[in-house]
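Here is a short tour of a structure, meant to be read with the model open beside you.

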Amino acid sequence: MKSAFVVRVLGSALLLGLSVSSGAYAQGAGAGGGRGGFTEQGGEAIFKNVCQGCHMPDARGAVGAGMYPALAKNPKLEVAGYPVSVIVNGQKAMPALGGMFSDQQVADVTNYIRTHFGNNYKDKVTPADVKATRP
Amino acid sequence: MTEQNFAPMNRRSLFRMIGMAAGSAVMYQAMTDLGYAGESGYTGPTKLSGDVKGASVVVLGAGLAGLTAALELHNAGYKVQVLEYQHKAGGRNISIRGGDTVNELGGFKQQCQFDSGFYVNPGPMRIPYHHIALLDYCKRLNVPLEPFSIINYNAMIHNSKAFGGKAKRYREVESDFRGHTSELLAKVTAQGKLDQSVTKEDAEVLLQALRAYGALDRNYEYKKGALVSNHRGYDVDPGGGLSWQPTDSEPMAMSELLQSRLWTGLLTGHEYEYQMTMFQPVGGMDMISAGFVRALPQDMVKYNCKVTEVKQDANGVTVSYIDAQKGGAVQTATANWCVNTIPATILSQVPMQIGAPLKNAINSLAYSAGFKAGVQMKRRWWEDDERIYGGITYTDQPVALISYPSTQFMQTQKGVVLGAYTFGPHAFELTSMSPEERMKVVVDCGAAIHPQYRTEFENGVSVGWHRIPWTLGCFAQWSEANRAKNYDALCAIDGRMVLAGEHASHLGAWQEGAIVSALDAIKRLHQRVVAA
């Protein structure tokens with residue numbers, strides 16, 4: 001699937017010193033994930049390598065001039081389609097990461113967040129659910 | 001008025017005259033010839049003329065957009081106040097030095113331990129020759145510049161999966177790629193296989209050009225020998241007297257070079273925004289914002305202000321803010337107008353009385369992930385051992401590059417190297433790590449190319465831009481579709497407020513974008529003020 005996000009990232013990267021090719025070059029040809037995508041497998045690995053950069057290792061979010069919401073005990077996670085849509089399509093300061101993740105990766109990290117950090121939702125998200133939210 | 005009739009014609013009048021007589025295209029060409037038109041639309045120092053009638057402006061943010069707006073509005077006679085979140089001005093125009101504390105969200109705190117005289121630029125690090133608004137301000141504000149080495153033929157290009165993970169010199173990759181492709185093209189040209197594309201006369205010249213350009217021998221071949229060594233370098237350099245004879249080097253085989261993808265490291269310096277000559281301020285990028293601050297009245301910028309709300313009506317703007325560190329009571333600042341340079345990531349969380357088009361535009365923007373790290377080394381081994389003086393090494397590892405300092409060559413014992421500068425997935429990953437974990441990655445990646453990292457690393461500091469409390473990201477990420485949909489609305493004056501910053505420019509992530517965005521915004525604002 002053509003990654004709109006990759007195009008945006010590499011387009012911006014063009015402006016900051018990475019040619020498109022060396023951008024792809026710099027990301028390497030790691031297993032899975034594809035060009036410009038995340039290669040982490042499994043919800044825990046994705047959370048710890050991607051999400052916690054903003055939402056923090058304890059998922060409590062952070063407050064500066066603006067804030068990152070807590071994922072810990074967040075009632076907005078009750079309807080699984082909401083976090084899936086935010087991850088895939090973005091929302092305000094949250095980048096649209098759908099182009100950098102496979103359906104499986106989005107499902108895995110959503111299920112991870114919804115069963116950790118004081119969240120305990122029983123229903124599981126499947127890759128098919130994720131696919132349905134893609135534009 | 002009489003005075004003006006006898007004043008010597010200035011550039012602005014000359015251009016206007018040319019424009020009226022011969023059309024805007026000719027005027028633009030004249031401006032270009034005289035060095036005034038540039039890609040940013042900057043046409044020379046701003047002159048906001050006319051009576052501003054005591055109007056006041058509150059500027060939100062003291063990065064380069066806010067500082068530019070404040071300076072020019074102040075010079076035009078406006079009453080200006082600036083509210084800044086941090087304890088200092090500059091925004092992303094920033095340098096980190098020994099003694100500085102980097103506070104990232106999540107309580108991740110780093111105390112930079114660089115020796116006095118060293119710095120790292122964790123935001124912008126280089127200025128193109130055609131970013132003339134920025135260059136003009138550097139000149140006017142007495143900010144000395146020095147060249148930033150963008151290409152160094154003796155720096156490395158590295159792919160951990162090619163050539164056994166051993167990096168090659170830029171000059172070897174560049175010369176071999178140029179030589180092999182020239183040889184191929186010369187071959188098909190000489191064989192007449194391009195007769196559909198190239199005339200016989202042009203083919204003769206093309207062969208001459210390829211032979212010279214590609215360091216080809218009389219058989220139009222790129223082969224080990226004195227000529228090729230003079231391009232890619234020697235195994236043993238020429239000496240003097242009876243010391244030693246030079247030894248020629250062996251070019252890489254074409255197939256191996258192509259498959260290694262090392263040629264991707266050749267591309268950056270050719271692009272318009274990375275062509276030599278590039279510049280950096282002497283002593284650190286933040287010298288630029290320091291220059292602006294020097295030019296402004298001392299009490300104009302109020303620090304430690306976290307904006308919590310913006311209201312506006314027919315008479316003016318009211319900005320609510322609290323102490324950025326301590327919170328507490330809400331204070332307000334009022335003015336007739338507002339120039340708002342706060343990054344969109346934060347603005348989308350601030351309640352503002354604005355129309356739907358501007359609100360939708362702000363809400364459409366997320367910011368790119370970006371990561372940089374500066375490392376202090378106990379000695380300048382990249383110079384003493386490797387003979388790399390400035391310039392950039394590229395790698396496929398997460399750090400993406402190593403940039404050697406373009407300053408103080410061979411003059412100091414120690415030095416600071418930029419050990420990482422990356423976007424995309426690796427920037428997210430490095431941002432997600434603690435400062436200690438990040439530095440381990442930076443050293444491991446560096447050591448894969450330069451073993452000296454292991455023994456000479458002294459200390460380091462890193463910035464993961466999504467953990468920076470006052471940007472929540474590195475720079476605004478526009479798609480073409482979103483720009484078509486929302487860019488104009490983002491830039492349009494809404495009531496009494498106008499946005500400015502790199503996000504409100506076509507030069508996203510560049511300081512030039514922030515500056516020309518501010519100049520354009522205040523120009524439009526000023527038109528309303530004098531017309532009223």
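## Starting at B:Ile515

Counting as contacts those pairs whose C-beta atoms, placed from the backbone, lie within 7 Å, and leaving aside neighbours within four places in sequence, B:Ile515 touches B:Leu64, B:Ala65, B:Thr68, B:Ala133, B:Leu134 and B:Tyr137. Before going further, please note that this is a predicted model: local features need pLDDT of at least 70, side-chain atom pairs count only at pLDDT 80 or more, and totals for chains, interfaces and linings use all residues. Residues are numbered from 1 along each chain as its sequence is written, while chains are lettered from A and ligands numbered from 1 in the order in which they are written.

## The nonpolar cores

B:Ile515 belongs to the largest nonpolar core, which has 161 residues; together with B:Val57, B:Ala69 and B:Cys338, B:Ile515 touches the most other members. Helix H18 of chain B (residues 511-531) supplies the largest share of this core, nine residues. A second, separate core has six residues, among them B:Ala186, B:Leu210, B:Leu216 and B:Tyr222.

Two terms need their cut-offs here. A nonpolar core is a set of buried Ala, Val, Leu, Ile, Met, Phe, Trp, Tyr and Cys residues joined through C-beta atoms within 7 Å. A residue is buried if 20 or more other C-beta atoms lie within 10 Å of its own, exposed if 12 or fewer, and partly exposed in between, with C-beta atoms placed from the backbone.

## H5 against H18 in chain B

Helix H5 of chain B (residues 132-140) has B:Ile132, B:Ala133, B:Leu134 and B:Tyr137 as its buried residues, and they pack against H18 of chain B. The axes of H5(B) and H18(B) are 8 Å apart and meet at an angle of about 85 degrees. That makes H5(B) roughly perpendicular to H18(B). Axes here are lines fitted to C-alpha atoms, for helices over the stretch in contact, and angles run from 0 to 180 degrees between N-to-C directions; angles under 35 degrees count as roughly parallel, over 145 as roughly antiparallel, 65 to 115 as roughly perpendicular and the rest as oblique.

On the H5(B) side, the contact is made by B:Ala133, B:Leu134 and B:Tyr137, and on the H18(B) side by B:Gln511, B:Glu512, B:Ile515, B:Val516 and B:Leu519. After H5(B) comes B:Asn142, with a positive phi near 60 degrees.

## Chain B as a whole

Chain B contains 18 helices and 23 strands, where helices (H or I, at least four residues) and strands (E, at least two) are DSSP runs, numbered from the N terminus. Its C-alpha atoms fill a box of roughly 80 × 60 × 45 Å along the principal axes. Of its 532 residues, 49% count as buried. Among contacts in chain B with a separation of 6 or more, 69% join residues 24 or more positions apart.

## Strands of chain B

Five strands of chain B form an open sheet with parallel pairing, in the order S13-S2-S1-S17-S23; strands pair if DSSP finds at least two bridges between them. S13 (301-302) and S23 (497-499) are the edge strands, each pairing on one side only. Within the sheet, S1 (residues 56-60) and S2 (residues 79-83) pair in the parallel sense over five bridges, and B:Val59 has B:Val82 of S2(B) as its bridge partner.

Elsewhere in chain B, S4 (residues 101-104) and S5 (residues 108-111) pair in the antiparallel sense over four bridges. They form a hairpin with three residues between them, and B:Gly106 in the turn has a positive phi of about 90 degrees. B:Glu104 is bridged to B:Phe108 of S5(B).

## A buried glycine

B:Gly214 sits in the loop between H7 (200-213) and H8 (226-232) of chain B. Why does B:Gly214 count as buried? Because 23 other C-beta atoms lie within 10 Å of B:Gly214. Its contacts beyond four places in sequence are B:Arg178, B:Gly179, B:Ser182, B:Glu183 and B:Tyr222.

## Chain A

Chain A has six helices and two strands, running α-α-α-β-β-α-α-α from the N terminus. Its average pLDDT (the predictor's confidence in each residue, from 0 to 100) is 81, and 74% of the residues score at least 70. Over residues 1-35 of chain A the pLDDT is below 50, though this stretch has 75 contacts in the model beyond near neighbours in sequence.

Helix H5 of chain A (residues 103-113) is mostly covered, with nine of its eleven residues buried. The buried residues of H5(A) pack against H3 (43-55), H4 (81-89) and H6 (127-133) of chain A.

Methods
Two residues are in contact if their C-beta atoms, placed from the backbone, lie within 7 Å.
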